[in-house]
Amino acid sequence: MAGNKGRGRAAYTFNIEAVGFSKGEKLPDVVLKPPPLFPDTDYKPVPLKTGEGEEYMLALKQELRETMKRMPYFIETPEERQDIERYSKRYMKVYKEEWIPDWRRLPREMMPRNKCKKGPKPKKAKDAGKGTPLTNTEDVLKKMEELEKRGDGEKSDEENEEKEGSKEKSKEGDDDDDDDAAEQEEYDEEEQEEENDYINSYFEDGDDFGADSDDNMDEATY
Amino acid sequence: MTQAEIKLCSLLLQEHFGEIVEKIGVHLIRTGSQPLRVIAHDTGTSLDQVKKALCVLVQHNLVSYQVHKRGVVEYEAQCSRVLRMLRYPRYIYTTKTLYSDTGELIVEELLLNGKLTMSAVVKKVADRLTETMEDGKTMDYAEVSNTFVRLADTHFVQRCPSVPTTENSDPGPPPPAPTLVINEKDMYLVPKLSLIGKGKRRRSSDEDAAGEPKAKRPKYTTDNKEPIPDDGIYWQANLDRFHQHFRDQAIVSAVANRMDQTSSEIVRTMLRMSEITTSSSAPFTQPLSSNELEFVGKSGDSGGGMYVINLHKALASLATATLESVVQERFGSRCARIFRLVLQKKHIEQKQVEDFAMIPAKEAKDMLYKMLSENFMSLQEIPKTPDHAPSRTFYLYTVNILSAARMLLHRCYKSIANLIERRQFETKENKRLLEKSQRVEAIIASMQATGAEEAQLQEIEEMITAPERQQLETLKRNVNKLDASEIQVDETIFLLESYIECTMKRQ
């Protein structure tokens, strides 16, 4: 038929002239790579609106961003240890208020279960402790646990589980609103734990180092 | 939810609430409604952290929960509500223009905290205002309460659904989650409180604040033993009402541009009179009697003529104007001419475009195809023969405003996500420098507090060298530009979203 211009030759199903190319063969090259990442634009964008309102909103926006970071709703991810403790970090520490939601408005499952850290519930706390991401004092804790299991019993157990509880707490966010003094104690202990290399369980609590050695010493020190 | 929207939500959540909340929130947006354990399992976060994140999200009205059968509670995220976080500065600024600083701070506190009781809001705002006042003056609670009541009357703040008060106790165990109800009438009802007191100035180690009797202080400390009179009644900002206000503003300014000032005033009055009586998504306002205008149609003759503002038409023309200006800025004024032509003629052939627009054929073709490829236009085929042969088919160019608006909206989401990412990248690049300048500022501040000489202060300031200062300046300028762009793209998003919502409601 008239449409077939011969085998192997491409025939267009539509009128090529309508698209804008003449009957010749000069079609534009096929592009083989993706378009450039930042193509040049012929038309530059319109400058931004400026005015009192816009400036105020801009300042507001930046302020809001900063304020949000300080709110108790901003849950921080646990940071890795800094290489050097900086002096000015002390002045830049932000103290966040504790926020307690209104439990009546939330489903019951939202309430944190293991609230009591002082109670003798070692199993639950240990499970929770193992679940949360542990820091590098994990080995220390494990060792402590083993020693405690063989060791003094309830009091040290409590302390062990207190330590785990306080670890959880410190990981979950800044909580400087210390309600009880005991928590303050835990925090200090933990700080001490981090800063020196000695295993805390070396001296088990309840033991009196001075008294023991005095009792057992037969020879004088040189 | 499109990928672009999810990405934007993720960036917003991360900036405002941190990574843990972001992970949970994005997961919920992606997968829909899920119970607690599944969330913890799928995201790989501990149950404790998931609980905390969900508490935060529910507090800010970003996630809602529902009790399903067998007592399982499922949580669902509202993606569109997360995107509203972009608009917070606009809400706050609008309140400032309407109700001055007091109103501004009230709305700001409500937005920052999600929901609050009225007494908590009043106290916080009074404290903040007292900080900014001169020494010796304090802000009275009554003034703040008045502004709060005015905001509630004009529906800018509304009550949250509350736990129903059950007189009788359930025979069985209490339900796993409370079902919150709200009565339409009560939504703007302000509880009768007598809040007496003044704002407190926050002093680090002072015992008596400016002129306040000591007896009053224990009552308003954070751990107060007294029961709060409006316990359980929480308020939130009514975003729909703000949107209504923005829409009215946009319409009024459009009318002022097209016609003169007086017509815009008339439209403004009409809108204001119907502010509370119309729901936010009604296509027509309540009929009133006034003069005639373009967006205004006549809907009856009683009372000297009842007129109605055709909101849908107004929004449609605003959206069209946005599209036109985008085409103009991207492709040039000739393209814009072609675009307007196709809009006007609804369906038009390529040959006719060349004739009507008076543009040479080659250029016209080029521009048409460019717009077609960017999806501003579409082709409508009209076959002459049943076999749809291309050489014997009419191809008509047409603009479908709804789909073009959707496309543009999607692009806006992408561009804001890009802006935020670029801003974060810029900040991260210069993190070291920023931290250094912050440290220097902290040191200077502490030295000034302890009293230091001028020479010492100067020495510390010189720790930041001149090129570093310049770098900081450039960084600040760039970040400001990016932030301002975000705010303006959000305005476009608002227009397009309103138009799309209005059109969908009609169908």
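In this predicted model, the side chains of B:Asp483 and A:Arg65 meet in a salt bridge, with 3.0 Å from N to O. B:Asp483 belongs to helix 18 of chain B (residues 466-506) and A:Arg65 to helix 2 of chain A, so the pair joins two chains. Are the two partners buried or exposed? B:Asp483 is buried, at a relative accessible area of 0%. A:Arg65 also counts as buried, with 11% relative accessibility, because the cut-off for that class is under 20%.

A further salt bridge between the chains pairs A:Lys61 with B:Glu486, whose closest N and O atoms are 2.3 Å apart. The count of salt bridges between chain A and chain B is 4, and 11 residue pairs, both members at pLDDT 80 or more, are in polar contact across the two chains. On the side of chain A that touches chain B, the elements giving two or more residues are helix 1 (16-19), helix 2 (52-70), helix 3 (89-92) and helix 6 (154-172). Helix 2 of chain A provides the largest share of that side, 13 residues. Sorted by class, the side of chain A that touches chain B holds 26 nonpolar, 8 polar and 16 charged residues.

The contact as a whole involves 50 residues of chain A and 71 residues of chain B. Between them the two chains bury about 5600 Å², and carbon and sulfur atoms account for 61% of it. Of the area that chain A buries against chain B, 14% is supplied by A:Tyr73, A:Ile75 and A:Arg105, more than by any other three residues.

A network of salt bridges links A:Lys61, A:Arg65, B:Glu15, B:Arg423, B:Asp483 and B:Glu486. Within chain B, the side chains of B:Glu15 and B:Arg423 form a salt bridge at 2.7 Å, N to O. B:Glu15 lies in helix 1 (residues 3-17) of chain B and B:Arg423 in helix 15 (residues 401-429), so this pair ties together parts that are 408 residues apart in sequence. B:Glu15 is buried, with a relative accessible area of 9%, and B:Arg423 counts as buried at 4%.

B:Arg340 forms a salt bridge with B:Glu324, the closest N and O atoms being 3.6 Å apart. Because B:Arg340 lies in helix 12 (residues 333-345) and B:Glu324 in helix 11 (residues 311-331) of chain B, the pair ties together parts 16 residues apart in sequence. Here B:Arg340 counts as partly exposed, at 37% relative accessibility, and B:Glu324 is likewise partly exposed, at 21%. Over all chains, a search of the whole structure finds 25 salt bridges.

Chain B itself contains 18 helices and 11 strands. Buried residues are 48% of its 507 residues, and the accessible surface of chain B comes to about 26400 Å², 50% of which belongs to carbon and sulfur atoms. Among contacts in chain B between residues at least 6 apart in sequence, 64% join residues at least 24 apart.

One buried position shows its surroundings residue by residue. B:Met371 sits in helix 14 (residues 361-373) of chain B and has a relative accessible area of 0%. Apart from neighbours within four places in sequence, B:Met371 is in contact with B:Val327, B:Phe331, B:Cys335, B:Ile338, B:Phe339, B:Phe376 and B:Met377.

Notes:
Residues numbered from 1 in each chain as written. Chains lettered and ligands numbered in written order. Predicted model: local features only at pLDDT ≥ 70, side-chain atom pairs only at ≥ 80, totals over all residues. Heavy atoms only, no water. Contact = heavy atoms within 4.5 Å. Buried area = accessible area lost by both parts, 1.4 Å probe. Polar contact = N/O pair within 3.5 Å; in protein donor to acceptor, adjacent residues only side chain to side chain. Helix = DSSP H or I, 4+ residues; strand = E, 2+ residues; numbered from the N terminus. Nonpolar A, V, L, I, M, F, W, Y, C, P; charged D, E, K, R; others polar. Buried < 20%, exposed > 50% of the residue type's maximum accessible area, 1.4 Å probe, protein only. Areas by Shrake-Rupley, 256 points an atom, 1.4 Å probe, with all protein chains shown as cover.
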